[in-house]
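The sequence and the structure come before the details.

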Amino acid sequence: MHRPTALGGALAALATAAAGVLVAAAVSTTPAAAATAATGTGYLHTSGNKIVDSTGATVRLTGINWFGMETDNKTFHGLWSSNPWRGQLDTMARLGYNTLRIPYSNDALKPGATATGINDFVNPDLVGLSPLQILDKVIDYAGGKGMRVILDRHRPTSAGQSPLWYTSTVSEATWIADWKMLAQRYANNPTVIGADLHNEPHAEGTNPAATGACWGCGDTARDWRLAAERAGNAILGVQPNWLIFVEGVSCPSGGLSNVWDNDPSNDEDCGWWGGNLSKAGQFPVRLNVANRLVYSPHEYATSVYHQAWFDDPTYPANMPAIWDRYWGYLHKQNIAPIMMGEFGTTLQDPKDKVWLQNLMAYTGTGVTGMSFTYWSWNPNSGDTGGIANDDWTTINQAKQDILQPYLIPPTGGGGNPTPTPTGTGSPSPSPTTPAPSGGCTATYKQVNAWQGGFQGELTVKNTGTAALNPWSATWTWPSGVTLASGWNATVTQSGTTVTAAAPGWAASLAPGASVTVGFTANGTAAAPGAVKLNGTAC
């Protein structure tokens with residue numbers, strides 16, 4: 001069978017931007033309030049094939065990956081961009097991603113680890129923080145928006161992925177000890193719901209001399225199922241409320257088939273790295289705390305590797321049976337929940353659009369559908385691209401349109417985010433709140449400014465008694481100020497008038513609800529003037 005040569009986060013491009021930061025030793029984090037509504041209340045657990053909250057309500061995680069902490073930068077990628085880190089999380093939440101999967105390597109957890117690739121002018125509040133302290137801030141802010149967080153041990157070191165959960169330099173003991181540290185660090189913060197134990201265990205070596213991760217083979221040095229039990233139970237001993245996310249392997253034997261030896265006994269059904277859970281029914285992961293296990297396969301398109309099934313004459317009708325065989329049966333037989341931890345595509349091949357549409361339909365609609373975290377927010381994933389475009393601000397609408405019907409936006413927390421502090425020499429944030437007039441109020445926050453441009457957020461609230469569907473906000477700028485980019489709406493400019501039209505995924509603005517339109521602009525920083533909502537002055 002085919003063995004993918006570059007999977008998931010394996011091809012994340014490394015950034016070389018910006019200055020390093022000093023390490024701070026504090027490890028405390030402020031517990032976030034328990035998430036509500038879309039992502040449930042309190043900690044989560046499982047019931048059959050469902051994820052449920054502390055009240056028993058079904059929760060569907062519809063999330064996204066934001067990678068970088070597993071690379072040499074040791075922190076989130078895109079912090080070098082002109083879009084502040086809070087602005088990026090704001091966009092993810094408003095698009096409907098209610099969960100953030102965060103890859104990391106053990107290198108980022110070491111004492112003295114330094115985060116690099118940070119634009120300290122845009123993100124001055126991150127200067128001097130360690131990778132873990134930056135992680136703390138992201139978790140706290142995401143939690144305030146009602147999002148949940150899954151931590152993903154993506155690599156033992158920043159150098160690359162590994163077929164096994166340990167290497168010659170990073171032992172199993174280190175892997176487990178670091179997981180226990182993280183479980184303790186966030187033990188009282190229900191924003192963090194669980195551990196994705198190790199990313200994409202996979203085959204290595206040619207059968208019968210296999211050296212990679214197997215499932216159910218019984219070899220404690222290679223059996224991923226047994227290792228997942230050891231790590232999962234160690235974590236639950238520290239934090240019994242966490243979910244334990246267990247990925248599959250690629251080939252259950254742990255080795256690549258020798259297709260040239262004419263011995264069919266050495267050939268087996270292999271799939272994506274981390275994507276083959278075909279043996280989990282026969283050899284289930286056994287945890288000491290009931291109702292904590294979630295299986296988390298990975299699934300990809302031709303932009304990652306051209307699997308044989310993409311050439312089947314019945315494609316895409318052949319795909320549901322393949323998904324059933326590798327992991328879908330666990331959901332359909334009510335054995336355990338599925339949380340598809342990675343899936344993605346560039347959409348460059350026409351087959352990929354069909355693949356993504358059919359995969360999303362396979363997961364099901366509404367709150368009872370399978371959970372997932374899309375790969376990735378980052379535009380710099382070499383084999384998939386991202387939801388964010390290269391400016392880390394605007395989005396890839398073609399991908400978003402396919403995912404949108406399956407997204408359940410977070411609704412806990414909310415409100416207007418605290419503006420990111422400006423860099424040295426930048427004008428201070430300048431909120432202005434005109435009195436209500438005919439059904440709306442407007443609040444402006446200048447987020448940042450630089451030579452020749454600035455970034456701001458205009459929050460408009462519907463204070464009327466009827467929903468506005470669709471809504472549209474307008475404002476004016478002084479002559480010479482021009483729009484560079486906008487988000488959370490379709491933002492255009494004609495003369496000195498700027499129009500922010502409702503996006504398709506959030507066309508209606510209910511009474512009492514507000515929307516925040518973000519933008520960057522060229523010219524001297526200026527607050528929006530003559531703000532109107534659907535023609536009514538604010």
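The sections below go through the basis of the model, the aromatic pairs, the charges over rings and the disulfides.

## Basis of the model

This is a predicted model, in which local features need pLDDT of at least 70 and side-chain atom pairs count only at pLDDT 80 or more, while totals for chains, interfaces and linings use all residues. Residues are numbered from 1 along each chain as its sequence is written, and side-chain values use heavy atoms, with hydrogens and water left out.

## Aromatic pairs

Rings of Phe, Tyr and Trp (its six-membered ring) count as a pair if their centres lie within 6.5 Å; planes under 30 degrees apart are called stacked, those over 60 edge-to-face, and the rest tilted. By this rule there are 26 aromatic pairs. One of them joins tryptophan 66 and phenylalanine 76: the ring centres are 4.6 Å apart and the planes stand at 40°, so this pair is tilted. Tryptophan 66 and phenylalanine 76 both lie in the loop between strand 4 (62–65) and helix 1 (85–95), so the pair ties together parts that are 10 residues apart in sequence. Helices (H or I, at least four residues) and strands (E, at least two) are DSSP runs, numbered from the N terminus. Both tryptophan 66 and phenylalanine 76 are buried, where buried means under 20% relative accessible area, exposed means over 50%, and partly exposed is in between (1.4 Å probe, protein chains only).

Tyrosine 104 and tryptophan 179 form an edge-to-face pair, with 5.5 Å from centre to centre and 80° between the planes. This pair links distant parts of the chain, since tyrosine 104 is in strand 5 (residues 99–105) and tryptophan 179 is in helix 3 (residues 172–185), 75 residues apart. Tyrosine 104 and tryptophan 179 are buried.

## A ring cluster and charges over rings

Ring pairs also link Trp272, Tyr300, Trp309, Phe310, Tyr315 and Tyr326 into a cluster. A charge sits over a ring if NZ of Lys or CZ of Arg is within 6 Å of the ring centre and within 35 degrees of the ring normal. Arginine 325 lies over the face of tyrosine 326, 5.0 Å from the ring centre. Over the ring of tyrosine 315 sits the charged end of lysine 351, 6.0 Å from the centre.

## Disulfides

A disulfide is a pair of cysteine sulfur atoms within 2.5 Å, and the count comes to 3. With the bonded cysteines numbered in sequence order, the pairing is 1-2, 3-4, 5-6. Cysteine 214 is joined to cysteine 217, with an S to S distance of 1.9 Å. Cysteine 214 counts as buried at 0% relative accessibility, whereas cysteine 217, at 38%, counts as partly exposed.

Cysteine 251 is bonded to cysteine 270 at 2.1 Å, S to S. The torsion about this S-S bond is about 125°, so the disulfide is right-handed. Both cysteines are in the loop between strand 8 (243–246) and strand 9 (293–295), 19 residues apart. Cysteine 251 and cysteine 270 are both buried.

Cysteine 440 is joined to cysteine 538, S to S 2.0 Å. Here the torsion is about -110°, so the disulfide is left-handed. This bond links distant parts of the chain: cysteine 440 is in strand 14 (residues 440–450) and cysteine 538 in the segment after strand 22 (536–537), 98 residues apart. Cysteine 440 is buried at a relative accessible area of 1%, and cysteine 538 counts as buried at 14%.
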